[in-house]
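Hi there,

Here is the structure I promised to pass on to you. Please open it and have a look around before you read further.

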Amino acid sequence: MKGKLRTGATVFIVVFAGSLCWGDVRVLDLRCEYRVNPRGIDVAGPRLSWVLESNERSQRQSHYRILVASNEEILRSGRGDLWDSGKVVSDRTTQIRYGGKTLESGMVCCWKVRVWGGDYKGSHWSKMAIWSMGLLAPSDWKAAWIGLDSDIVPPEDRKKTKIYRPCPYLRKDFALNKSVKRATVYATALGLYELHINGRRVGADYLTPGWTDYSKRIYYQTYDVTDLIKGKADNTIGAILSDGWYAGNISNLGQAFYGWNLRLRAQLVVRYDDGTEVVIPTDGSWKGATGAILEADMQGGETYDARLEMPGWDKPGFDEAGWKKVDVTESVEAKIEAYPSAPVRRLREIGPARVTQPKRRVFVLDMGTNFAGWVRLKVQGKAGDRVRLRFAERLNPDGTVYTENLRSARATDTYICKGKGTEEWEPGFTYHGFQYVEVTGYPGGVDKTSVTGVEITADTPRTGYFRCSSAQANKLYRNIRQTQRANFIEIPTDCPQRDERMGWTGDAQIYVRTATYNADVSAFMTKWMVDVEDAQYDDGVFGCMAPRPHDFVSPAWADAGVIVPWTMYQVYGDTRIIKRHYDAMTRWIEHCRTNSKDLVRPDQGFGDWLSIKADTPKDVLATAYFARSTRLMARMAGAIGKNSDAAKYEQLFEDIRTAFNKAFVADDGRIKGDTQTVYVLAIAFDLLDDAKAPKAIDYLVADVEKRDWHLSTGFVGTKDLMGALTKAGRLDVAYRLFNNDTFPSWGFSIRHGATSIWERWDGWTPEKGFFKPSMNSFAHYSFGAVAEWMFKTIGGIDTDGPGFKRIIIAPRPGGGIEHADVKYNSIHGKIASRWKLADGVLTLDIDIPANTTAEVRLPAADVAAVTESGKPASKAEGVKFLRMQDNAAVFSVGSGDYHFISRGVKEIRSARTKQ
Ligand code: BGC
């Protein structure tokens with residue numbers, strides 16, 4: 001067997017003697033419905049995937065075999081009593097639908113995979129993975145919706161009055177009389193819930209059950225709690241409820257948007273060793289009380305009075321005196337479904353970078369980065385001492401916290417000491433977007449150990465790594481990731497701090513492709529698309545936000561309903577999401593078609609939101625997006641075999657294109673509005689014919705130049721600005737914009753100390769200070785959509801067709817960047833592109849995952865100038881020369897690591913002002 005071992009930069013060829021029994025391929029990273037060992041799913045035919053690794057070049061999968069068993073022992077014995085796929089001839093490793101016995105409620109499915117490589121040699125079996133089924137039929141739910149009816153009635157004027165009320169605690173003792181094999185709990189709530197069993201918190205998730213349109217759909221979580229349960233003993237299950245999105249403040253709409261009465265519905269299913277089962281559901285036998293959490297609101301914050309703690313409330317033997325009977329009257333119409341997404345979790349703890357004291361007894365801690373979460377407080381005080389924490393993204397010139405931009409979000413946590421030694425506390429039913437924490441009322445002096453930051457985000461594993469020789473680019477990338485984490489909390493929100501935090505669809509469609517580079521958002525976006533469809537109006541318009549507490553209509557926002565499934569198909573090869581939302585998408589296109597005049601869409605919506613002195617006509621923008629979505633529909637229809645629809649939409653696209661030109665493009669190529677964005681959209685969406693396209697790029701560049709080489713684009717234009725310049729052959733201009741640090745530019749905020757992406761280019765300027773507080777967030781991801789270009793152009797990593805099965809590696813060095821190191825963990829495995837450019841010599845090291853192929857486009861004078869690991873590249877193992885194209889040598893390669901050197905490469909410099 002031949003394999004490669006890498007040590008540093010040196011590559012050794014090692015020949016192993018002996019048995020050739022196992023092929024050189026390993027099966028890793030087994031996933032079910034995009035998640036690792038998900039519990040309680042309700043998909044009838046779950047999709048499975050894995051990743052292959054190999055030391056061989058050009059490794060591929062010729063066959064696979066999947067075994068799914070109803071328990072570990074059966075699987076270990078090599079049997080799949082639920083499903084044995086048999087040896088299937090296929091190179092597929094993703095989106096493989098389970099094809100075994102019908103899956104039933106509560107079933108545990110253990111599975112493993114074996115593959116055969118290109119040489120037909122089998123791999124070892126993978127490690128075992130698991131998924132379990134949730135409660136599939138409504139009748140499986142034995143639990144009632146229970147809660148404590150509060151005496152406090154909802155505010156009459158929801159927008160003005162804020163009412164904060166204590167959180168209910170619920171509990172029940174129960175005894176188990178046999179030894180326990182497995183215990184599973186299913187739980188959901190109206191409001192948020194935190195479940196406890198025998199004194200321990202259940203699971204690592206926060207803000208459960210998550211946010212949906214609660215009138216239509218509510219999710220439940222499933223946890224394996226075998227380790228928390230004691231057999232033949234007394235046990236206790238309990239929960240704390242809080243207002244959350246259901247009853248608490250959302251956007252600027254005040255409280256009780258969905259409802260007011262908080263309810264828990266949970267059911268613990270205990271299976272004994274003897275095979276019998278007992279169910280402990282929420283019902284009228286539970287008791288409730290209020291305790292230390294005096295108030296908890298997503299925007300407002302939490303107040304905790306440690307003097308009111310009820311030690312042992314979640315353990316057996318607690319004295320329930322004073323606890324009331326719970327209320328069981330609520331009836332819920334919404335569908336109850338298994339949580340399909342990436343739950344909110346703690347990501348990391350952050351120590352303060354600096355402590356200042358801008359006023360007497362007022363301390364400000366700089367956490368060093370603008371993130372979402374909360375802080376853990378450490379304090380030693382007298383009983384009744386009140387410590388108040390306020391959160392802010394920025395400071396006023398005098399060093400105090402700047403909170404005006406939070407609008408009506410109170411963003412304040414208060415802790416009242418019990419007066420017993422060192423006390424530590426953190427909330428869990430709220431979150432703030434902040435870099436600075438103001439501490440007042442603290443007994444003694446505040447230092448760096450007084451608070452610790454807790455960053456939370458949706459559990460979307462990191463997939464993207466970007467580093468290059470430009471410190472500004474590295475900082476920008478860091479800020480982009482930080483801002484994504486701060487906003488990927490249950491849904492893709494616009495911002496994490498002010499009284500908004502909505503799932504704005506425009507922001508999300510602009511950013512979704514970037515999001516996929518940074519993190520695995522497959523499950524997260526699968527769930528959010530359900531929210532998007534739930535937020536579709538009867539006339540086919542997708543809402544401007546999902547969930548949809550506000551009613552707005554805007555093109556480019558509504559188009560998220562088409563662009564998100566398209567992106568999921570591109571990045572993960574997902575066709576199920578296309579099928580699931582196909583009708584909804586066609587209804588949107590149909591709405592656009594019938595609500596247009598000669599296929600020209602009306603002037604409507606938010607336009608190129610937050611552009612700089614450049615008003616893009618909204619009819620141009622809307623018609624361009626109509627064309628774009630229609631073309632994506634054509635491609636998606638083709639992807640799921642609806643060929644006549646594909647042809648119909650392609651024709652409609654052509655017709656819209658014609659209409660666009662007729663209505664908006666003059667003979668000299670000028671487009672109505674003459675803004676950068678109109679040209680960007682026309683180029684990016686292929687709306688111009690060959691004669692006019694070169695003019696559009698000239699007008700675009702002329703406008704950039706006129707603004708002393710600056711962009712003027714808002715949310716919509718910025719998304720495609722860099723891609724359009726690159727596509728149209730003006731990479732020099734793209735790099736110039738990228739390198740700028742004067743207003744407006746990405747570098748501008750960085751030069752002024754940004755640790756996150758600002759909502760607006762002019763969020764703060766030296767001349768004017770803060771922009772108006774009515775709309776000035778410092779953590780909006782939209783302008784961070786430039787990371788898509790950074791990955792595709794600097795790193796050069798892209799997919800060639802759906803799901804990164806075929807990969808493009810096409811780095812385009814320029815702008816004075818001397819080296820770059822970019823990686824992306826795709827659904828098919830790890831892709832890397834590292835290059836260095838010095839004195840016209842470009843070295844490129846790439847890693848291509850097993851069972852994929854790549855097209856490598858390497859800047860080169862000619863093919864003879866390119867070598868791979870010292871050999872002429874066209875003759876190297878696993879490499880095939882395809883053609884010269886656009887000053888690049890194009891090769892196809894199989895999987896593996898390659899080391900290319902190209903000599904005589906001309907550097908693309910940033911565009912310069914005319915001499
Ligand atoms: C939000 C956005 C959103 C916009 C729509 C703002 O208030 O923060 O990001 O897309 O409204 O115009």
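This is a predicted model: local features need pLDDT of at least 70, side-chain atom pairs count only at pLDDT 80 or more; totals for chains, interfaces and linings use all residues.

Residues are numbered from 1 along each chain as its sequence is written, and side-chain values use heavy atoms, with hydrogens and water left out.

The chain holds 15 helices and 49 strands (DSSP runs numbered from the N terminus: helices are H or I with at least four residues, strands E with at least two). Its radius of gyration is 29 Å, close to the 29 Å that the globule rule gives for 915 residues, so the chain is as compact as a globular protein of that length. That radius is taken over C-alpha atoms, and the rule is 2.2 Å times the number of residues to the power 0.38. Along the principal axes, the C-alpha atoms fill a box of roughly 85 × 75 × 60 Å.

Now for the sheet. In it, 7 strands form an open, antiparallel arrangement in the order E34-E41-E42-E43-E49-E45-E46 (two strands pair if DSSP finds at least two bridges between them). Strands E34 (464-468) and E46 (871-872) each have a single partner strand, so one side of each is left without a neighbour in the sheet. E34 pairs with E41 (residues 819-826) over 5 bridges, and there cysteine 468 stands opposite alanine 820.

On to the empty spaces. Rolling a probe the size of a water molecule over the atoms shows where empty space is left. A cavity here is a set of points, on a 1 Å grid over the protein atoms alone, where a 1.4 Å probe fits but cannot get out; lining residues have an atom within 4 Å of a point. Grid points are joined across faces, edges and corners, and a volume is the space filled by probe spheres set on the points.

How many cavities of 30 Å³ or more does the structure hold? There are 6. Of the 14 residues lining the largest cavity, Trp211, Trp245, Met298, Tyr431 and Arg501 are the closest to its centre.

The second largest cavity has a volume of about 80 Å³. Its lining residues include Leu476, Trp758 and Phe783, and helix H14 (residues 746-751) gives the most to that lining, with 3 residues.

Enjoy exploring!

How values were computed. On a 1 Å grid over the protein atoms alone, a cavity is a set of points where a 1.4 Å probe fits but cannot get out, and a pocket is an open set with protein on both sides within 12 Å along at least five of seven lines; lining residues have an atom within 4 Å of a point.
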